[in-house]
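Hi everyone, thanks for making time this morning. Let me put the sequence and the model up on the screen, and then we can walk through some of the details together.

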Amino acid sequence: MNVKKRTTPIKLLQTEALLQRLTPPNHPKRPLIEKDFRKRKAGYQGEKAVDYHVSFLTDKKYMIFSDIRLPLAPDYFQIDSLLVTPCYSLLIEIKNIAGILTIDPEFNQLSQYYKGVETGYPDPIVQATRQKLFLQKWFFNNKLPCPPIEFLVAFSNPATILKMAPGHKRIPPYDKMIHAQNIVSEISKLNTGFTREVTDLKKVKRLLLNQHQPPNPKILSTYQLTEADLTKGVQCERCSRIMIRKVGTWLCPNCSHLSRTAHLKAIEDYFLLIEPTITNQKLRDFLQLSSAKTAAEILKSLPLTKSGSTKGTIYTKQLT
């Protein structure tokens, strides 16, 4: 049962919005941001590929939490996919890396050979082991019986070739590195090995959902950018040029496209790139609007939390 479904990662949405508004077009940071966008998009596609295989676990004894982020002082830890059953819990670390992958346990390193280029990555088993320790501590901190916790490192690309470095065999824990299509069979093995019920599913479900905290990264700070690096205004849905307001609608002076809702994407860009709160004045500045009345009407129509009154009213978008 999919208890917490996966949504598009906020960093992916932020990076996409940043690329659409970054100015000038030849900004020196654009190549780096484009590279990160491709990486984040591939990661999300890999996660969705794993979700497909996990979706076959329809029995009510399975609770699936996708992309869950939990508190562990002084910070948080994030798990790509967490499977909770009455008898054990399984965390799945998802990787979408193409080519020939060679794991070297001696140096705790994963090497990728792809299109004639060799690239090194941290050992994903070390990463998954660390997540396991964090999850154990989370159970302890919440005064819950800690079930057996297992992990898998699932590679979502079926064409990826997994190899051990010369002189090393695929022994535990490196037998936990698998292709995603083998997830269900690995879970069947766990079902055979763990039969004693130790987890109160309802209680764990409630705590996991209540404690999940969506990230809110500051994307401009990540790339050492400011609002001055952004194109403001309502962008045309067809040609991306800046539109002008004309009696309840938006008009693109470049392609003559008309839209009554083009401002919604611009406001979403503001929340992704600037901050989760907005005022009438900030809305007018970002949309390049001159009318405070029009801005007030737009804000009133949005599903935002309102605080304060008159000119000091602040509107907040809730994180999901």
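What you see is a predicted model, where local features need pLDDT of at least 70, side-chain atom pairs count only at pLDDT 80 or more, and totals for chains, interfaces and linings use all residues. Residues are numbered from 1 along each chain as its sequence is written, and side-chain values use heavy atoms, with hydrogens and water left out.

Let's begin with the six-stranded sheet. It is open, with the order S1-S2-S3-S4-S8-S10 and mixed pairing. Two strands pair if DSSP finds at least two bridges between them. At the edges are S1 and S10 (177-179), each of which pairs on one side only. On average, neighbouring strands here are turned by 40° against each other, direction ignored.

Now, follow the strands across. S1 (residues 2-4) pairs with S2 in the parallel sense over two bridges, and asparagine 2 stands opposite isoleucine 64 in S2. S2 and S3 (residues 75-84) run antiparallel and are joined by nine bridges. These two strands, S2 and S3, form a hairpin with two residues between them, and methionine 63 stands opposite valine 84 in S3. Next, S3 and S4 run antiparallel with four bridges; leucine 83 has leucine 90 in S4 as its bridge partner.

How many residues of S2 are buried? In S2 (residues 63-72), eight of the ten are, where buried means under 20% relative accessible area, exposed over 50%, and partly exposed in between, using a 1.4 Å probe and protein chains only.

What lies across this sheet? Helix H3 (residues 124-141) lies across S2, S3, S4, S8 (149-155) and S10, at about 145° to S8. Helix H5 (residues 201-211) lies across S1, S2 and S3, at about 60° to S2. For these angles, axes are lines fitted to C-alpha atoms, for helices over the stretch in contact, and angles run from 0 to 180 degrees between N-to-C directions. Contact means heavy atoms within 4.5 Å.

Please look at glutamate 93 in S4 (residues 89-95). Its relative accessibility is 6%, so glutamate 93 counts as buried. The side chains of glutamate 93 and glutamine 127 are joined by a polar contact of 3.0 Å. That term means a pair of N or O atoms within 3.5 Å; within protein, one must be able to donate a hydrogen and the other to accept it, and residues adjacent in sequence count only if both atoms are side-chain atoms.

There is another open sheet, with three strands in the order S11-S12-S13 and antiparallel pairing. S11 (244-246) and S13 (258-259) each have a single partner strand, so one side of each is left without a neighbour in the sheet.

Finally, threonine 277, in strand S14 (residues 277-278). Threonine 277 counts as partly exposed because its relative accessibility is 24%. Leaving out residues up to four places away in sequence, threonine 277 touches Tyr270, Phe271, Ile314, Tyr315 and Thr316.

That's my tour, so over to you for discussion.
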